[in-house]
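Dear colleague,

Please find below the structure for your review.

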Amino acid sequence: MKRPRVRDDLALHPGYHSPQVEVDVRLNTNEAPEPPPEGFREALAAELAGVEWHRYPDRAATELREAIAAHHGVQASQVFVANGSNEVLQTLCLTYGGPGRSVATFEPTYALHSHIPKITNTAVVSGERTEDFALDMDEVRRVLTEHDPTITFLCSPNNPTGMVETEETVRAVADLAPGLVVVDEAYGQFAPWSALELVDETSPIVVTRTYSKTWSMAAARLGYLIGPTWLVEELSEVVLPYHLDAVKQIAGRVALDFEPQMRRRVSDLVEERGRVTAALSQLPVTVWPSGANFILFRPDAVDGDTVWQRLVERSVLVRNCASWPRLDGCLRITLGTPGEDDRFLDALTDILETS
Ligand SMILES: *Cc1c(COP(=O)(O)O)cnc(C)c1O
């Protein structure tokens, strides 16, 4: 059989994996613990009855972008939507990256911020965060001056550490950056402030958001960006025609009618974050303060892989970061329902006591 080889530059990179194991309690991918609110399914079904299935969808996703713009108090022309915020990031790399160009990341951070540039043949230049995972402005200056990246990725709250960048930090990075500064706010609703307030027509700052976490819609694959109009226009030229299907456009718009319920869920999760952080602090583990819906921790005396495996044996799945660079022995737990979190805390307590 004649079979082409994968592109040479791709063959060097491993893919992105998050093991899906059959368990009772899944706290590994930072989704919302509950399905969308009461009334969402019915409202969506009613609207879907009007879909003209034989026609291509609205290529500009006008109604959805208008609804997102109203939600954030910006113009629809400043909103770019795609199939998950990962596709937003990919479109940014396809538009402003490519051969001879680079993207900057500061590790540890979201793995896809370096994976997506690689698959678009964009070089990745990585700086290191400090011991406590904060941005070090000298290191930021060094990376940006040495490499002149067209995109600098920040993530706030940062996945997997949970750390929120301050407004001062984001402004300082934007001042130093030679190109765009993309602030990935997949967990923005859980944080005390948003870089959305820094977006305007003359600033290089763009903010990405997703329906996958706070909106309980990971299954829909929908994300978006708020940025200057010129950038939205440029991205729209690069993305595939009709990339966003009619069903998704409607689902994203209908979801925004349930904003009060979403806000209540966010505040419940923020409260739960306090409870679980306090409980973890009573155990022999190091816990990092989080501004998101997940918590990074490291068992003091038992190896992270072992704890992860023993949690799986107790039917609790968390994210194993133990072998990731800079995160030696760390695990990340997504906040679930109080019942799920108790299952996790009981299992962890048991494991640490008997190891
Ligand atoms: C989960 C997550 C996303 C979400 O990506 P989607 O493609 O919208 O599901 C984006 N960025 C970060 C940092 C995440 O953790």
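This is a predicted model: local features need pLDDT of at least 70, side-chain atom pairs count only at pLDDT 80 or more; totals for chains, interfaces and linings use all residues.

The structure contains 1 cavity of 30 Å³ or more. The space within the largest cavity comes to about 70 Å³. Its lining is formed by Pro36, Pro37, Phe40, Thr214, Trp215, Ser216, Met217, Ala255, Phe258, Gln261, Met262 and Arg265. Sorted by class, these lining residues are 8 nonpolar, 3 polar and 1 charged. Helix H10 (residues 259-281) supplies the largest share of the lining, with 3 residues. Both domain 1 (25-36 + 260-354) and domain 2 (49-258) contribute at least three residues each to the lining of the largest cavity.

Nonpolar cores

The largest nonpolar core comprises 77 residues. Within this core, the residues with the most contacts are Ile68, Tyr211, Leu280, Leu311, Val318, Phe344 and Leu348. Its largest share, 6 residues, is provided by helix H12 (residues 338-354). As with the cavity lining, this core takes at least three residues from each of domain 1 (25-36 + 260-354) and domain 2 (49-258).

Which residues does Ile68 touch, leaving aside those up to four places away in sequence? The contacts of Ile68 are Val79, Val81, Tyr211, Tyr224, Ile226 and Leu256. Another core, of 22 residues, lies apart from the largest one, and its members include Ala82, Leu92, Cys93 and Val232.

Yours sincerely

Key. Residues are numbered from 1 along each chain as its sequence is written. Side-chain values use heavy atoms; hydrogens and water are left out. On a 1 Å grid over the protein atoms alone, a cavity is a set of points where a 1.4 Å probe fits but cannot get out, and a pocket is an open set with protein on both sides within 12 Å along at least five of seven lines; lining residues have an atom within 4 Å of a point. Grid points are joined across faces, edges and corners, and a volume is the space filled by probe spheres set on the points. Helices (H or I, at least four residues) and strands (E, at least two) are DSSP runs, numbered from the N terminus. Ala, Val, Leu, Ile, Met, Phe, Trp, Tyr, Cys and Pro count as nonpolar, Asp, Glu, Lys and Arg as charged, and the others, Gly among them, as polar. Domain bounds come from an automatic or database domain assignment. A nonpolar core is a set of buried Ala, Val, Leu, Ile, Met, Phe, Trp, Tyr and Cys residues joined through side-chain atoms within 4.5 Å. Buried means under 20% relative accessible area, exposed over 50%, partly exposed in between (1.4 Å probe, protein chains only). Contact means heavy atoms within 4.5 Å.
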